[in-house]
Amino acid sequence: MTSRNEISISEPGELVALLSELAVDPEQAPRTYRRLQAIWARRSPEGIELSYLASSEQREPFKLWRLVVAPGLSVPSLAALIPLAGSYEREITDLYGIRFMGSPDQRRFVLHEGSRAPDGFLGLDGNYSDPCAFVPTPMEMPAVGGEDLQQLRFGPVRADVVESGSFTFSYAGEGIVHLETRLFYKHRGMETRFEGRSIQAGSLLAERVSGIDSVAHALAFALACEDALQLNVSTRAQQLRVLLAELERLYNHLQYFGLLSKLTTLKVADAEGHYLAELVKQLNARLSGGRFLRGLIVPGGLRRDLVTDGVGDALTELEDQARSYLDALARTRSYRDRLETTGILSAQVALAQGATGPVERASGLDRDLRRDHPYSGYEHYHFAVPDATTGDARARALVREYEIFASFAIVRQVLAQLEDGPVLVDDDRRGSSDAFCGMGWVEATRGTLIYVVYGNGGSLSRVKIKEPSFSNWRVFPYTVDGTNMMDYAINEASFGLSVAGNDR
């Protein structure tokens with residue numbers, strides 16, 4: 001990988017000291033940069049290789065620490081220093097069998113209670129073919145005090161929600177004392193599905209990891225492959241990639257306001273938000289042949305060129321409609337009342353638990369990869385990165401509202417600067433027999449999305465996906481404890497979470 005500083009660690013005991021610079025100090029003002037991004041494992045001839053990825057200051061390379069451990073050995077947990085590390089460590093324990101000493105939470109995570117992974121699942125042979133044995137077992141719950149508390153289990157099948165998740169509320173009257181979430185009911189093993197596939201096949205798989213973020217996933221995967229193979233993408237292809245990414249952001253954010261309106265019982269605003277999102281999807285279909293912009297972005301550029309005639313006029317009309325819609329929502333007192341002070345996320349908790357995207361920006365952490373670590377030519381466009389400080393549902397909605405108009409501004413600049421030329425690089429090294437490793441990142445609609453790819457002989461051997469919803473689902477319960485039941489659905493909607501993205 002060429003876009004980061006890499007450090008190899010020989011002894012597990014060195015981990016805590018070396019990564020202590022990423023520790024979160026609750027007594028200090030939260031910082032914006034220099035934070036842990038992901039931890040992942042992969043099999044190597046020597047054992048299981050653990051990789052710890054962190055972002056540095058603005059426009060500085062990422063940092064990567066590598067540690068090889070023999071299967072069955074334990075390594076120190078970082079969760080006490082960096083709470084976000086806890087989710088990654090639990091995931092690795094479930095899927096690779098490595099134990100993390102001193103972890104404050106060692107419950108099952110990806111694999112639910114009662115599941116037993118086959119031996120090959122945890123071994124060096126990487127045999128994923130057999131299904132896990134499973135014996136129904138009660139979920140392990142943390143101790144929540146008080147005899148007067150009641151419990152309500154909600155999910156995993158929820159009315160009017162297509163994604164599966166289980167939520168156990170401990171409550172007294174209308175007040176929620178504690179929320180315990182359980183996800184991974186539909187874990188699809190998406191990272192494993194890349195293994196053994198060609199890079200070309202990987203593009204199709206990446207854009208199906210989370211259907212509403214197809215462009216972001218395809219782009220991050222393509223950037224990782226281009227980093228690994230040292231492919232230079234043409235200017236026109238980069239410009240069209242930005243156009244596609246911002247169209248995806250637009251329909252996601254407009255759909256978000258439709259859902260938020262629905263949960264604040266504004267039926268007309270609900271319909272209008274989804275109608276505006278539908279207009280963007282129809283524009284996507286006229287531009288690309290598909291409402292979700294799939295089948296276009298590949299390593300090396302775009303699979304085919306796009307004709308952008310009429311896109312500017314359509315977006316000008318749509319921008320006027322979106323402004324009128326959002327202004328009307330802002331003038332609706334009942335809407336504002338339900339969002340203001342609902343689900344407050346402090347900047348300190350946002351940093352410690354790894355919040356990303358509009359969620360962290362609404363809590364005062366001003367960070368956006370398009371500006372801070374630009375890719376695909378984003379450094380050539382002028383756009384505002386909105387943030388807020390109140391950290392409530394209203395702030396999260398406002399950040400997305402401002403981002404809608406930033407996207408319109410970016411698209412106008414792309415169309416004005418669009419160059420002629422090829423969209424797919426001729427220098428094709430995708431069939432190289434050499435081992436390769438690369439990393440790509442994208443500021444997706446929901447935040448930081450990172451792909452790391454490993455391969456050899458033109459096929460992929462390991463792909464790691466750092467999905468923004470994996471982090472934001474960890475953050476969300478911290479905004480629920482101490483709130484009331486009536487606000488729960490609005491609070492959840494204000495996070496714009498994706499279960500598919502988390503579960504992968």
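Buried means under 20% relative accessible area, exposed over 50%, and partly exposed in between (1.4 Å probe, protein chains only). This is a predicted model: local features need pLDDT of at least 70, side-chain atom pairs count only at pLDDT 80 or more, and totals for chains, interfaces and linings use all residues. Residues are numbered from 1 along each chain as its sequence is written, and side-chain values use heavy atoms, with hydrogens and water left out.

**Salt bridges overall**
- A salt bridge puts a side-chain nitrogen of Lys or Arg within 4 Å of a carboxyl oxygen of Asp or Glu.
- The count by this rule is 34 salt bridges.

**Glu-57 and Arg-34**
- These two side chains form a salt bridge at 3.7 Å, N to O.
- Glu-57 sits in the loop between β3 (47-55) and β4 (62-69), and Arg-34 in the loop between α1 (15-19) and β2 (35-44), so the pair ties together parts 23 residues apart in sequence.
- Helices (H or I, at least four residues) and strands (E, at least two) are DSSP runs, numbered from the N terminus.
- Glu-57 is partly exposed at 33% relative accessibility; Arg-34 is partly exposed at 29%.

**Glu-319 and Arg-412**
- Their side chains meet in a salt bridge at 2.6 Å, N to O.
- Glu-319 belongs to helix α9 (residues 311-330) and Arg-412 to helix α14 (residues 393-417), so the bridge ties together parts 93 residues apart in sequence.
- Glu-319 is buried at 11% relative accessibility, whereas Arg-412 is partly exposed at 44%.

- Salt bridges with shared partners join Glu-246, Arg-249, Arg-361, Asp-368, Arg-370, Glu-403 and Glu-443 into one network.
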